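I opened my notebook for a friendly first look around. Here is what I looked up, entry by entry.

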Amino acid sequence: MLTGIHNFCSAWTARGKKWGEQMVFQAEWIEAMRGLLGEEFEAFFAAMNEEAALALRLNALRDGAETPRAGERIPWSPYGRYLCAEDSIKTGSDIAHAAGVYYMQEASAQAPAEVLNPKPGEVVLDLCAAPGGKASQLAGKMGGCGALVANEIDFARAKALSGNLERLGVRNAAVTCESPDRLAGRWLDTFDAVLVDAPCSGEGMFRRDPDARNAWTPGSPAGCAARQAKILSSAARMVKPGGRLTYSTCTFNEFENEGAIREFLKAHPEFSPVDFALEGIGKSENGMLRLCPHKLRGDGHFVALLKRAGEAERADPRNPGRLPPALLEALPGKWPEALHGWAAEDAGGMVDALPPEMPVLDGLKALRRGLRLCEMRGYVKPDHALAMAFPPAFYDRRVVLEDEAAHAYLRGEALTLDAPDGWSHVSWRGFPLGFGKMSQGTLKNHLPKGLRLR
């Protein structure tokens, strides 16, 4: 029977614009899944041979965020939407995407942040955060209050993570590029909530990712589980007494999922499982829940929620610092009110605003330290991150662009406009695009070159 199923897989060609290649699942993996799922295997295998659903998540930090391309709401994610058609959205040329209205994110991948459910004012860590889908979802739930640290050990991926958080208007986050062990040595008992979306064998992505299928070997699950155990051990040291730890993977096997949690709880008796429920999926068992494609409209995922015993004392907040007067003069508005109590820090001529709850970042490789405000080198140049962090109404001088002019701005073009001289906030349909500087009827474009549409 196993051989017959493998032959069927080898001959089956998936439907859809992005598919077309033959879906070949390794025989050893099929055998392992049959053993894991038993009588559910046939339904599971049929689902793995269906076209994967495409989805996005509207940005909770953008008031009125919506896109006509999105369809039915994802039951377990308030801002999650399935896409109406696969080819109806091209992010590289979409104004709404550039404005941070939405983030392309697979439906099941939106579950872990909902399970961790951070609150405004908490100190939160996403330990394996690139490319930023879950980190930005956590930030949306925090509403700009508290502090979020998004970490990624790979520098190139950390840069992409930082760029995504900037585009989505996340202002209370730091982006670090460190090993979990090094962070644990610095931030013992620091975070109210920690998310570990662990690197895994990726079995849940097999139907949409040929590279994941080809990279899998029979030894992959055990090898990944060993690495995940080290990451979890570091994460545990950073959770405050009374704090929460959510562990997730996008794979199916027991080594990396239930087995990883069982081993963790043996080694860390101060943690215990916490049961939860997700709309449209169901209730967890012993704090663990599997998301399988034959039971929901999404890819494979696993989520566990754990709580550390005890109660933590609140850390002393940062001392507030004064925002640069030159920036306030160059860019008047009510945006400074939203940063009341934050600390302004100069880092080599670049000024950042950090929320009072932000952990100490000194000595760590940090690509982002809260909200980058401006460059101060004998002149003041507002940073693009500041433009994306607040809605247009927060700026006194602003220009509003229609579709054609917005596309031109995103291409880096200067625009002829009737507006007062000086720095102006640039927006489209109530969503931020960046800054420009008006001079004698011309808006000089200050959109960073790396963000311009080609």
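This is a predicted model: local features need pLDDT of at least 70, side-chain atom pairs count only at pLDDT 80 or more; totals for chains, interfaces and linings use all residues.

Strand 21 and strand 24 (residues 442-445) run antiparallel, and two bridges link them.

I found an open sheet of five strands with mixed pairing, in the order 20-22-23-24-21. Its edge strands are strand 20 (398-400) and strand 21 (415-416), each of which pairs on one side only.

I also checked what lies across this sheet. Helix 14 (residues 403-410) lies across strand 21, strand 22 (422-428), strand 23 (431-439) and strand 24. I noted an angle of about 75° between helix 14 and strand 23.

My next stop was helix 11 (residues 258-267). Which of its residues are buried? I listed Glu-258, Gly-259, Ala-260, Ile-261 and Phe-264. Their cover includes helix 10 (220-238) and strand 9 (239-249), along with strand 10 (271-273), strand 13 (288-291) and strand 14 (301-308).

Last, I stepped back to the whole protein chain. I counted 14 helices and 24 strands. The radius of gyration is 23 Å, close to the 22 Å that the globule rule gives for 454 residues, so the chain is as compact as a globular protein of that length. The C-alpha trace spans about 75 × 50 × 35 Å along its principal axes.

Of the 454 residues, 54% count as buried. Among contacts between residues at least 6 apart in sequence, 69% join residues at least 24 apart.

How values were computed:
Residues are numbered from 1 along each chain as its sequence is written. Side-chain values use heavy atoms; hydrogens and water are left out. Two strands pair if DSSP finds at least two bridges between them. Helices (H or I, at least four residues) and strands (E, at least two) are DSSP runs, numbered from the N terminus. Contact means heavy atoms within 4.5 Å. Axes are lines fitted to C-alpha atoms, for helices over the stretch in contact, and angles run from 0 to 180 degrees between N-to-C directions. Buried means under 20% relative accessible area, exposed over 50%, partly exposed in between (1.4 Å probe, protein chains only). The radius of gyration is taken over C-alpha atoms; the globule rule is 2.2 Å times the number of residues to the power 0.38.
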